[in-house]
Amino acid sequence: MDRIVITDLEVHFRVGVPEQERSAPQRLLLTIELDHDFTAAAKTDDLAATINYHAVAQRLLRFGDGRQWKLIETLAVEIAETVLREFGGAAIAVEVKKFVLPQAAHVAVRVIRRR
C-alpha cells in the first residue's frame with residue numbers, strides 16, 4: 001500500500017483535562033499517515049485519483065474551530081474517523097503531540113484505523 005504523510009502539522013486547539021488548560025487554544029502537532037493505492041493517480045497524473053493532502057491539511061487546521069476535548073486520545077480518534085470518512089483511504093494513522101510536561105519534549109498518542 002502507498003502512503004501520504006503529513007508530518008507535524010501545527011494546530012492550536014483547546015484540549016486538556018483541567019478546565020483551565022482548555023481555556024485557551026494550545027499548540028499541538030499532528031502527523032497523519034494515509035494509506036491509499038496510487039496506481040490510478042500515477043497512471044493518469046490526476047489529483048482526483050488520489051487524496052488531496054492540501055485539502056486534508058486545510059480541514060485539520062479548522063478541525064478545532066468551536067470545539068474542545070479533554071483527552072488527546074479522543075481528538076486523535078475523531079480526526080482519524082473524520083479524515084477516512086471525508087477523504088477516503090484504506091487506513092490512517094494519526095499522532096497528536098502535546099507540549100505539557102516540562103521534563104519531556106512532548107507527549108503523544110497514536111491511533112490507527114482501517115476501513
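A salt bridge is defined here as a side-chain nitrogen of Lys or Arg within 4 Å of a carboxyl oxygen of Asp or Glu. In general, side chains of opposite charge can pair when their charged atoms come close. The structure examined is a predicted model, in which local features need pLDDT of at least 70 and side-chain atom pairs count only at pLDDT 80 or more, whereas totals for chains, interfaces and linings use all residues. Residues are numbered from 1 along each chain as its sequence is written, and side-chain values use heavy atoms, with hydrogens and water left out.

The chain contains 3 helices and 5 strands; these elements are DSSP runs numbered from the N terminus, with helices being H or I runs of at least four residues and strands being E runs of at least two. Read from the N terminus on, their order is β-β-α-α-β-α-β-β. The C-alpha trace spans about 50 × 30 × 20 Å along its principal axes. Of the 115 residues, 40% count as buried, where buried means under 20% relative accessible area, exposed means over 50%, and partly exposed lies in between (1.4 Å probe, protein chains only). Among contacts (heavy atoms within 4.5 Å) with a separation of 6 or more, residues 24 or more positions apart account for 60%.

Charged side chains comprise 16 positive and 16 negative ones, and the centres of the two sets lie 4 Å apart. In this count Lys and Arg are positive and Asp and Glu negative, while His and the chain ends are not counted; each charge is placed at NZ of Lys, CZ of Arg, CG of Asp or CD of Glu.

The structure holds 8 salt bridges. One of them joins the side chains of Lys98 and Glu21, with an N to O distance of 2.8 Å. This pair links distant parts of the chain, as Lys98 belongs to strand 4 (residues 91-98) and Glu21 to the loop between strand 1 and strand 2, 77 residues apart. Lys98 is buried at 9% relative accessible area, whereas Glu21 is partly exposed at 24%.

A further salt bridge is formed by Arg3 and Glu33, at 3.6 Å from N to O. Here Arg3 in strand 1 (residues 3-15) is connected to Glu33 in strand 2 (residues 26-35), 30 residues apart. Arg3 is partly exposed, with 46% relative accessibility, while Glu33 is buried, with 17%. Glu33 also meets Arg110 in a salt bridge of 3.2 Å, N to O. That pair bridges strand 2 and strand 5 (residues 107-114), its members being 77 residues apart. Through salt bridges that share partners, Arg3, Glu33, Asp35 and Arg110 are joined into one network.

Helix 3 (residues 72-87) includes Thr82, a buried residue with a relative accessible area of 7%. The side chain of Thr82 reaches the backbone oxygen of Glu78 at 2.8 Å. When neighbours within four places in sequence are left aside, Thr82 is in contact with Arg59 and Phe63.

Notes. A polar contact is a pair of N or O atoms within 3.5 Å; within protein, one must be able to donate a hydrogen and the other to accept it, and residues adjacent in sequence count only if both atoms are side-chain atoms.
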